[in-house]
Amino acid sequence: LFPIVQGSTYPELRKLSAETIAGFDAAGNAIGGLSVGEPAEDMYAMTDLVTDILPAGKPRYLMGVGTPENILECIERGIDMFDCVLPTRNARHGILYTSNGIVNIRNAKWKDDLEPIDAQSPLATSRAHSRAYLRHLFVNGEILGMQLASLQNLGFYLWLVGEARQHILNDTFPAWKSDMVKQVSRRL
């Protein structure tokens with residue numbers, strides 16, 4: 001069980017909560033209440049504050065976060081674990097996270113696009129099926145469309161954090177992250 005740091009965007013409350021939580025000497029520590037609509041800059045500021053207090057040698061879990069950009073920014077701030085409904089919820093609505101940026105597969109521009117959903121994906125399903133086919137599934141209400149989109153997004157997230165880990169180990173994370181945030185945030 002991980003105790004949860006709370007305190008909204010109030011630095012004094014976050015600090016007090018983080019100090020109390022750090023004193024529990026738990027197996028890991030969670031940070032809650034930072035994915036409920038506040039500006040990303042506030043989330044990053046509160047994350048910076050509490051990661052300076054929570055023990056570095058124990059997992060830090062940021063609850064309910066988030067976008068690929070949020071994840072990369074928070075990894076840089078010392079977060080180890082995440083959970084979020086965003087990849088699958090957005091997939092069900094036709095929003096795909098790809099190695100080249102964000103795709104709304106329902107848009108007409110994908111109607112005749114025979115390129116793979118994501119040619120760089122580690123998933124065979126994303127390399128084998130075209131964007132036009134996936135769009136066709138969505139437009140016609142076929143549940144397979146939501147399934148393929150969910151697989152794409154989950155595969156992308158796994159790839160992203162795996163790449164982040166490799167760049168941390170290679171001591172190349174900051175430069176890679178800067179480029180990757182721009183790349184994965186683009187709307188295609």
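Let me start in a loop: Asp25 sits between helix H1 (11-22) and strand E2 (29-31), where helices (H or I, at least four residues) and strands (E, at least two) are DSSP runs numbered from the N terminus. Although Asp25 is not a glycine, its phi is positive, at about 55 degrees. Asp25 has a relative accessible area of 58% and is therefore exposed; on this scale buried means under 20% relative accessible area, exposed over 50%, and partly exposed in between, with a 1.4 Å probe and protein chains only.

Before I go on, a word on the source: this is a predicted model, in which local features need pLDDT of at least 70 and side-chain atom pairs count only at pLDDT 80 or more, while totals for chains, interfaces and linings use all residues. Residues are numbered from 1 along each chain as its sequence is written, and side-chain values use heavy atoms, with hydrogens and water left out.

Now the backbone again. Most residues other than glycine have a negative phi, and most peptide bonds are trans. Asp171 is another residue other than glycine with a positive phi, in this case near 60 degrees, and Asp171 belongs to the loop between H7 and H8. With 67% relative accessibility, Asp171 counts as exposed. As for peptide bonds, the one from Val65 to Gly66 is cis, with omega near -10 degrees, and Gly66 is placed in the loop between strand E3 (60-62) and H3.

Let me step back to the chain as a whole. The protein chain has eight helices and six strands, and their order along the sequence is β-α-β-α-β-α-β-α-β-β-α-α-α-α. Taken along the principal axes, the C-alpha atoms fill a box of roughly 55 × 35 × 25 Å. Of the 188 residues in the protein chain, 43% are buried. The accessible surface of the chain comes to about 9700 Å², with 55% of that belonging to carbon and sulfur atoms; the areas come from the Shrake-Rupley method with a 1.4 Å probe, and for residues only the protein chains shown count as cover. If we take contacts, meaning heavy atoms within 4.5 Å, between residues at least 6 apart in sequence, then 57% of them join residues at least 24 apart.

I turn next to helix packing. How do helix H7 and helix H8 pack? H7 (residues 143-169) and H8 (residues 173-185) meet at an angle of about 155 degrees, and their axes are 9 Å apart; the axes are lines fitted to C-alpha atoms, for helices over the stretch in contact, and angles run from 0 to 180 degrees between N-to-C directions. H7 and H8 are therefore roughly antiparallel to each other, given that angles under 35 degrees count as roughly parallel, over 145 as roughly antiparallel, 65 to 115 as roughly perpendicular and the rest as oblique. The crossing of H7 past H8 is right-handed; a crossing gets that name if the near helix is turned clockwise from the far one by less than a right angle, and is left-handed if anticlockwise. On the H7 side the contact includes Phe156, Trp159 and Leu160, and on the H8 side it includes Phe173, Trp176 and Met180. The residues of this contact divide into nine nonpolar, one polar and one charged, where Ala, Val, Leu, Ile, Met, Phe, Trp, Tyr, Cys and Pro count as nonpolar, Asp, Glu, Lys and Arg as charged, and the others, Gly among them, as polar.

Helix H6 (residues 131-139) packs against H7 at an angle of about 130 degrees, with the axes 7 Å apart, and H6 and H7 are therefore oblique to each other. H6 passes H7 in a left-handed crossing. Tyr133, Leu134, Leu137 and Phe138 of H6 make this contact with Leu144, Gly145, Met146, Leu148 and Ala149 of H7, and these residues divide into eight nonpolar, one polar and no charged.

Asn70, in helix H3 (residues 68-76), counts as buried at 14% relative accessibility, and beyond four places in sequence Asn70 touches Ala40, Met43, Tyr44 and Val65.
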